[in-house]
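Have a look at the model first.

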Amino acid sequence: MVHASWSHVPDFKLCNYAIYFGASKGHGSGHSAMITARLAAEAKSRGMKLVVFDPMCNFAGGKATEWIPIIPGTDAAVVLAMSNIIINELGRYDAHYIAHKTNGPYLIGPDGRYVREKGRVEKPMVRPGPFGLGPPAEVVGDGDDNKPLVWDALDQVAKVYDDPGIKEYALTGEYEVKGVQCRPGFQLLKDHLKTYTPEYASEVSSVPPETISRIAEEFSDAAKVGSTITIDGHELPYRPAAAVVFRGGQGHENSHHTCLAVSMFNAIVGNCDLPGGALGWPARSLGYPGTGQLKFEPYKGVDGMIETDYFFTHNHGPWPSHLPHKSDDPSMQSIFTLAPFTFVYGASDRKELWEKLGLDHKFEIMFSYGCNTVMSLANPDVTADTLKEIPFLVVFEIFNSELTEGFADIVLPDTCYLEETSWVEGYAFNFNYAFGMDDWCYHVQQPIVEPLAERRNINDVIREICHRLGKTANVNAFYNRFCEFSEEDKILPDERLSQPEMCDKVLTHFFGQEHGWDYFKKNGFIRWPKKVEEAYWRHFIDARHVLYLEYMVDIGERVKEITEEAGINVRMEQYTPLISWFPCSIHQPKDPSYDLICFSYRDILHTGSHSMEQPWLDEASAMNPYTYNITINTDIGRNKGLQDGDLIEIESTTGGKARGTVKLMEGQHPQTLGIAACSGHWTDAMPIAKGKGTHFDTLIACDLDHVDPVSLNIETAARVKIRKVEERPI
Ligand SMILES: Nc1nc2c(c(=O)[nH]1)N[C@H]1C(S)=C(S)[C@@H](COP(=O)(O)OP(=O)(O)OC[C@H]3O[C@@H](n4cnc5c(=O)[nH]c(N)nc54)[C@H](O)[C@@H]3O)O[C@H]1N2
Ligand SMILES: Nc1nc2c(c(=O)[nH]1)N[C@H]1C(S)=C(S)[C@@H](COP(=O)(O)OP(=O)(O)OC[C@H]3O[C@@H](n4cnc5c(=O)[nH]c(N)nc54)[C@H](O)[C@@H]3O)O[C@H]1N2
Ligand SMILES: [Mo]
């Protein structure tokens, strides 16, 4: 929606002031962990100031110039208060960026919608179905024949937003257009932000008001709004300050608004995908110079908003999003069209939801590849309930796990990365490419040992299954489309390519005849310089992102209609176009004896839940005080009569119970408990990992009441109480 990417990072090479809201990028976790570790270390030694809002002072906070403890799930309140200070008190925002790169200047009528050239058209436009799947769907926005209007402050007249004759976009004020009173979205936002005083944000987040004001001022100073930098002959805006958010800040019932609050905060200083600012993972490639292949870029879509075909699949679909409609889709994503994923299949209330929607859904088969759903999703009792109902479950794994032992009908031993031949690892997500001006690089995987025992690569197995089903032509058609093979390069319908043959085909297509599988086998990777137009694409591409969430009006109306009719209770207040902070269930316990908020964070030693069985990492984990222990603020712990090594039981408001040992910690927010990684394995198949650490996910729920009602992101923190116990196992 903003960066045409999965996530964002500071432009480490040029940034002088970075703020993290629950992210650990550059400290051994987060995405592209090794690229960011190198760049973050260089930035720190160059003098970049790093301010980390985090409930604990561990990997991110411990490396920060300044650690600011915060109550989980309250980041947006702080961000909005800082935005208020920058816009309304300091008046130091980047008016040019807001006018040209966001929908801030679009005129908003009394109904909350854009004021358009031809007024409101009742019949929405139709575009391909969500994610290119399913039948065509109605889309928010009216398309090219009925554009939103802006006000030209010099000509004193309304024009369509992309009229080449616009002299000066009005960002503030009130106007009358075609008899309608309207104001630019930015003016509405500016007024709305006034309710976010530092005192209010402080009450919510526990961050002192003077800290909020100071950081806002430092950030807007550091951003040097108005300054420019020349790179490779191009003069670009220079904005050496960035704010980023990831799983910590975003994993709550107010996720959609929290992420967009951080993006708005960046937009205020005009720094997105520009030198020194907040960068998405590379979203624009002009193609490998020799062949022009591997080309992708964001472009101007409906109502001038950013769209991209590359990210995720070649069928992202339009932005703004599709309008909700009733369908027989049990994921409920035809209703919650702003949700990229669904929680429904593993939810404790799924049957109730389906019944209310008149759906009778049952899975017949599940294929699982590289996830341990029963460990890593939410309370295993709930997940197990879903899994038990699936008659046939096939798991591709490299170890036996809670999922294979408890639920799989067939376990297919997959190859591990040391046994694999693959071209796709260098492609996959844009995570594989370094951001900023660092070179492009494309790598492959090649086996360094023969697959052990009966291991077979999933690719071969899936293709074999498809072949036996008579679907080889479909598989080939998929690859032809995915790789964008030319007519003469297309895989023939009945052709069955081995993995090395496929590698050769794809690599020569991308990088030319001289760079086939043989070249990569010898060299491992290929690299080429990035262009300014790629690294800092925002300056070169005419496309906007949202500050005013106009899509919420139409989408909200429909969500309300559909869910009310079905008798499903959705917290509709989040369907507002004005970016806001909303309290979550963790902030409002019905029973005050649940006095702590328990959260989880990445341990740099571990990956997901599965590295817990690695003997070396187990040894290292036992030597550091965090991996296998539950952290609590020292004073609070002592007040509760606890000392290091004591056993406690944690009970959450949603009925989960877990046990583990305590580690008192000065650098921890007094109202919180921290649990590292995803530990607490219980299967006999993992004798090293079994019984070590605490299974955090037991404490979290998976149901409609504990998701963000817009993005369907589940609440990843829990409201809990603790008591001292004598015995360990649970
Ligand atoms: N080593 C390692 N690296 C990984 C992974 C791994 O398992 N191991 N997993 C990968 C994956 S799948 C992901 S999604 C990324 C995640 O990447 P990040 O989101 O960067 O990693 P986390 O450690 O989960 O970061 C969360 C931080 O937020 C803090 N936090 C928790 N709740 C809140 C809150 O409400 N507000 C604020 N301000 N802070 C909060 C935590 O203490 C922690 O410091 O990492 C990827 N990289
Ligand atoms: N407590 C806690 N829980 C969390 C999080 C957290 O921070 N804390 N973070 C959440 C997030 S952001 C994410 S993305 C999820 C991740 O959750 P999952 O994706 O479920 O990750 P894991 O639990 O590590 O399970 C990965 C499985 O893949 C297997 N595997 C590894 N390599 C291969 C391979 O090459 N081939 C095959 N076939 N299998 C392989 C491993 O053995 C392991 O069993 O966890 C979520 N849950
Ligand atoms: Mo993740």
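Helices here are DSSP runs of H or I with at least four residues, strands are runs of E with at least two, and both are numbered from the N terminus. This is a predicted model, where local features need pLDDT of at least 70, side-chain atom pairs count only at pLDDT 80 or more, and totals for chains, interfaces and linings use all residues. Residues are numbered from 1 along each chain as its sequence is written, and side-chain values use heavy atoms, with hydrogens and water left out.

Start with the shell around ligand 1. Helix α8 (247-250) gives the most to this shell, with three residues, and β25 (596-601) also supplies at least two. At least three residues come from each of domain 1 (8-286 + 544-574) and domain 2 (585-725), with bounds taken from an automatic or database domain assignment. Of the 28 residues around ligand 1, the ones that come nearest are S24, D54, D75, R602 and H606; being around the ligand takes a heavy atom within 4 Å of it.

Now the backbone. An N or O atom there lies 2.8 Å from a ligand 1 oxygen at G73, 3.0 Å at R247 and 2.8 Å at G608. Taken alone, ligand 1 exposes 910 Å², and the protein buries 87% of that (Shrake-Rupley method, 1.4 Å probe).

Next, H257, which sits in helix α9 (residues 255-268). Is H257 buried or exposed? H257 counts as buried because its relative accessibility is 0%, where buried means under 20% relative accessible area (1.4 Å probe, protein chains only) and exposed over 50%, with partly exposed in between. Its side chain reaches the backbone nitrogen of S580 at 3.2 Å.

How values were computed. Chains lettered and ligands numbered in written order. Polar contact = N/O pair within 3.5 Å; in protein donor to acceptor, adjacent residues only side chain to side chain.
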